[in-house]
Amino acid sequence: MSLTVNDVDRFVAFKPRLEAIAYRLLGSASEAEDAVQETFLRWQAADLDRVEVPEAWLTKVLTNLCLNQLTSARARRETYVGRWLPEPLLEGDPMLGPADTAEQRESVSYAVLTLMERLSPNERAVYVLREAFDYPHREIAEILDITEAASQQLFHRAKKHVADGKARTEIDEATARRIVEEFLAAATSGRTEPLVRLLTADVISVGDGGGKIPARVKPFEGPLAVATFLRGLFKPAEAKRAMVGGRPEIYFTTANGEPAVVGVVDGRVVAIMCLEITADGIAAFRNQVNPDKLARATAQWAAGDHGEPLLTAL
C-alpha cells in the first residue's frame, strides 16, 4: 500500500524512540538502524486503517524484529573473534534516547549494555521497555505475546541479573574529568603504583577488537594486572602508531553517559575507553577498538568541537 503524507509523518515522529529502543535491545547502532528500516517497510505494507494505535503497533513490530535479531546474534557471537562489546555512542547522539531519569541513563550506560548480554532476549526486551521507556506490564505483555504476570517475572529476573553487576555511581562532569586526568597522568607516568591506587580491588579491563585490532580474549583482572596492561597500552611504540595510522590524540568525553577516553587520528575515532567509576575507584575499563563499531562515533565526532586534546599518545 502507498503511504499518505500523514502516515509517513507519524512514522518519522516516532522514529527517534524506535531507534533508542532498538539500540538498547541490540547494542549496535547499525543493527538498530536496520531494524527501524525494516519496521518502516512493514508499516508501508500494512493495512493502516486497521492499526488502532500506531505507536503500539510500531513498537511491537520493532521489538519482535529485534528479538529475532538477538536470537541469531547469539549464534554469530559464538564465532566472533575475541570479546564482543556493544557499539559505544558519544554524548549528543540522538540514538541514546531519553535521559531524564536515573533509570533511563542507567539503561543505556556501557556497563549495563554489557551486563544485558547475560539476559535472554525476552528478559532484555522487558527490561528495556519497562526500565528505560516506562511501558506498563500490560502493554509489554501485548507486545511480546505473553501474560502480564510473565512480564513482571521477566522484569524482576532481568533487574536482578543487572543488579548483580557492579553498581554504577553517577558523578558530575567536572569530577569525571578530574578522575580521567588523574588516570591518564598515572597511565603515562611509566610506573604501576599510581595506577593501582586509582583502581578498585576487583577492577577489570576488557577490549573488543573484532579480530581487526589485537585485543585479549580474557579480561585483565585485579589492580596489578590491569595497571600493568594500561601502563603498557600508553607506552609509546612505533608498532602501535602503524596499527592505528598515526599518533592518537586523547580526549575526555562522555560515551553512553559514562566518562570516556577517546583516541582520534586525523579526525577518525580509533578507540573509545569507557570507565566505570564507583565510590571506591575505577572498577572497569571497557575498550572498543573494532573499527566497524567506531564509524558512527567518527561521524558524531566530526560534527562537534572538542577543544584541545589532553595528550598525544603512542
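Modeller: Gladly; we will take the nonpolar core and then the salt bridges. Please keep in mind that this is a predicted model.

Colleague: Let's begin with the core. How many residues does the largest nonpolar core have, and which have the most contacts inside it?

Modeller: The general idea is that nonpolar side chains in soluble globular proteins tend to be buried together. Here the largest nonpolar core has 47 residues, and L62, M116, Y127 and Y135 are those with the most contacts inside it. Two or more residues each come from α1 (5-26), α2 (29-45), α3 (54-77), α5 (110-115), α6 (121-132), α7 (137-144) and α8 (148-163). The largest share, 9 residues, is given by α1.

Colleague: Which residues is M116 in contact with, leaving aside its neighbours within four places in sequence?

Modeller: The partners of M116 are then R24, S107, R124, Y127, V128 and V162. Another core, of 25 residues, lies apart from the largest one; I179, F183, A186 and L311 are among its members.

Colleague: Now the charged side chains. How many salt bridges does the structure hold?

Modeller: There are 16 salt bridges in the structure. Take R10 and D7, whose side chains meet in a salt bridge at 3.0 Å, N to O. These two residues are 3 residues apart in helix α1, so about one helical turn separates R10 from D7. R10 is partly exposed at 30% relative accessible area, whereas D7 counts as buried at 11%.

Colleague: And how far apart are E38 and R42 in helix α2?

Modeller: E38 and R42 are 4 residues apart there, about one turn of the helix. Their salt bridge has its closest N and O atoms 3.0 Å apart. E38 is partly exposed, with a relative accessible area of 29%, and R42 also counts as partly exposed, at 39%.

Colleague: Where do K212 and D292 lie?

Modeller: K212 forms a salt bridge with D292, with 2.6 Å between the closest N and O atoms. K212 is in the loop between β1 (199-208) and β2 (220-221), and D292 is in the loop between β6 (281-288) and α13 (295-302), so this pair ties together parts 80 residues apart in sequence. K212 is partly exposed, at 48% relative accessible area.

Colleague: Which residues do salt bridges with shared partners join into one network?

Modeller: That network is made up of E33, D93 and R296.

How values were computed: Residues numbered from 1 in each chain as written. Predicted model: local features only at pLDDT ≥ 70, side-chain atom pairs only at ≥ 80, totals over all residues. Heavy atoms only, no water. Core = buried A, V, L, I, M, F, W, Y, C linked by side-chain atoms within 4.5 Å. Buried < 20%, exposed > 50% of the residue type's maximum accessible area, 1.4 Å probe, protein only. Contact = heavy atoms within 4.5 Å. Salt bridge = Lys/Arg side-chain N within 4 Å of Asp/Glu carboxyl O.
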